[in-house]
Amino acid sequence: MARLAERFGTPLYVYSRAALLGRLQRLRTAFGAAAHICYAVKANSNLSLLAAVHAAGAGFDLVSGGELRRLQAAGVPTAGSVFAGVAKEAWEIEAAVRAGILFFNVESERELPLLAAAGAAAGQRVRVALRLNPDVDAGTHAYISTGKKENKFGIALDRAGAVVEAIARERSLQLVGYHVHLGSQLRQVDPYVAALQRVTAFADGAAVRREGVTHYDLGGGFGIGYGTGDALDVDAVAQALLPTLRERGWTPVVEPGRYLVGDAGILVTTVLGEKHQGATEFVLVDAAMNDLMRPALYQAVHAIVPVGPAAPTERTVDVVGPVCETGDFLARGRSLPQCRTGDLLAVLAAGAYGASMASNYNSRRRPAEVLVSGATASLVRRRESFEQLFANEVDLHETFHP
Ligand SMILES: Cc1ncc(COP(=O)(O)O)c(C=O)c1O
């Protein structure tokens, strides 16, 4: 790790291909070969990771036209992808219809005319699944809970019947399934079971709700340990859902993001020094909330360990970055060995919602990313340059007098 940091600098994201593929295999073993795994691109949208996921036989869960463009840039087929999103735009729908995907996950009635128009223009029936909002509490952080009726996602069960009927009336649309996504970082099996029960009860409410239905997309949200608890038991989820799905002839679709890449990545950062203020000892590092936003955004806890030999004594510290926000911390009240300037620390389980949520706040360049495959480490994203940071603001000759 120290050699990678020396070569590529820090802050540096480092991913393990073996860890990613190992998780993919675990899901295959749990859900069976017939299940369709769609990696949630938002978790980490690096082109090389997308290519690795595709090479391992998985499809993708998309939520924007930009993510579709990423698949195309990675040279990855889109046919095995599903497309969700609470406010899809006409151009995004048209692009996905043109590219060809497995199905759209429809989140409101307003999408139906857009989907029908795109289908008619392309001379094809558009395959849709209805994203239902089953009003199930996922027991996760409020910001990443998506399946409660007060959340903006999906269609409430008491309105969904009318949407199914509207799809049935539209010749350019074909209902092929149901979709739920309850939230992220779930650790319990019960919400998945409750959601399926509500979806089957809904489907049993009228024949038109079952006709042509071949897929049940149970979403993602599979929680990982983060060093503070147990990961979701994916075998138990599969065992709880598969008998019902088999009985109905519904192919399971899963959309894991964090579960595949979270534990497969770390963020390596350099200690810049220490500072004592009030009762707190701060360890100042070169990674910040713009590189890894999760602690600031969700009070997320990431384990942090020294890279290389550590001092025997530990003390309680806050690990903070250079950004001008009190919310800029990677860890608070954490026990860490004494560090010296120049030491490296690794922030663990940083592969998901790390690089993909990174920003340029404080005019910081987003970090470089490296993918380790066996004994080989490849740079899969260069550290941004300052020129790239300013490129859209210089040489502007466009004026406008409204
Ligand atoms: C529709 C959908 N599917 C899948 C995911 C992936 O979630 P996770 O990374 O928790 O598996 C998300 C994330 O928010 C999502 O919105």
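Q: Let's start with F222: buried or exposed?
A: F222 is buried, since 28 other C-beta atoms lie within 10 Å. A residue is buried if 20 or more other C-beta atoms lie within 10 Å of its own, exposed if 12 or fewer, and partly exposed in between, with C-beta atoms placed from the backbone.

Q: Before going on, what kind of model is this, and how is the numbering done?
A: This is a predicted model, where local features need pLDDT of at least 70, side-chain atom pairs count only at pLDDT 80 or more, and totals for chains, interfaces and linings use all residues. Residues are numbered from 1 along each chain as its sequence is written.

Q: Back to F222. Where is it, and what does it touch?
A: F222 is in the loop between β9 and α9. Leaving out residues up to four places away in sequence, F222 touches L186, L232, V234, P256, R258 and Y259. Touching, or contact, is when the C-beta atoms of two residues, placed from the backbone, lie within 7 Å.

Q: And those helix and strand names?
A: They are DSSP runs numbered from the N terminus: helices are H or I with at least four residues, strands are E with at least two. The chain has twelve helices and 18 strands.

Q: Which other non-glycine residue has a positive phi?
A: D135 has one, about 55°. D135 sits in the loop between β6 (126-133) and β7 (155-156). D135 is partly exposed, because 17 other C-beta atoms lie within 10 Å.

Q: Where's a cis peptide bond?
A: Between T10 and P11, with omega about -5°. P11 is in the loop between α1 (2-8) and β1.

Q: New topic: what's around the ligand?
A: The ligand is surrounded by 18 residues, and the closest are A40, S184, G220, G257 and R258. Being near a molecule here means that the C-beta atom, placed from the backbone, lies within 6 Å of it.

Q: How does that shell split by residue type?
A: Seven of the shell residues are nonpolar, seven polar and four charged. Ala, Val, Leu, Ile, Met, Phe, Trp, Tyr, Cys and Pro count as nonpolar, Asp, Glu, Lys and Arg as charged, and the others, Gly among them, as polar.

Q: Okay, helices. Which residues of α3 are buried?
A: In α3, which covers residues 47-55, L49, L50, A52 and V53 are buried. Down the axis of α3, these buried residues fall within an arc of 160°, so they line one face of the helix. The arc is that of the directions from the helix axis to the C-beta atoms.

Q: What about strands? How do β11 and β12 pair?
A: β11 (residues 265-277) and β12 (residues 280-285) are antiparallel, over six bridges. Strands pair if DSSP finds at least two bridges between them. β11 and β12 form a hairpin with two residues between them, and G278 in the turn has a positive phi of about 55°. E274 is opposite V283 in β12.

Q: What does β12 meet next?
A: β12 runs parallel to β14 (residues 314-320), joined by three bridges. V283 is opposite V319 in β14, and L284 is opposite V320. β14 is also joined to β15 (residues 329-337), antiparallel, by six bridges.

Q: Last one: what are the overall dimensions?
A: The C-alpha trace spans about 70 × 60 × 45 Å along its principal axes. Of the 402 residues, 44% count as buried.
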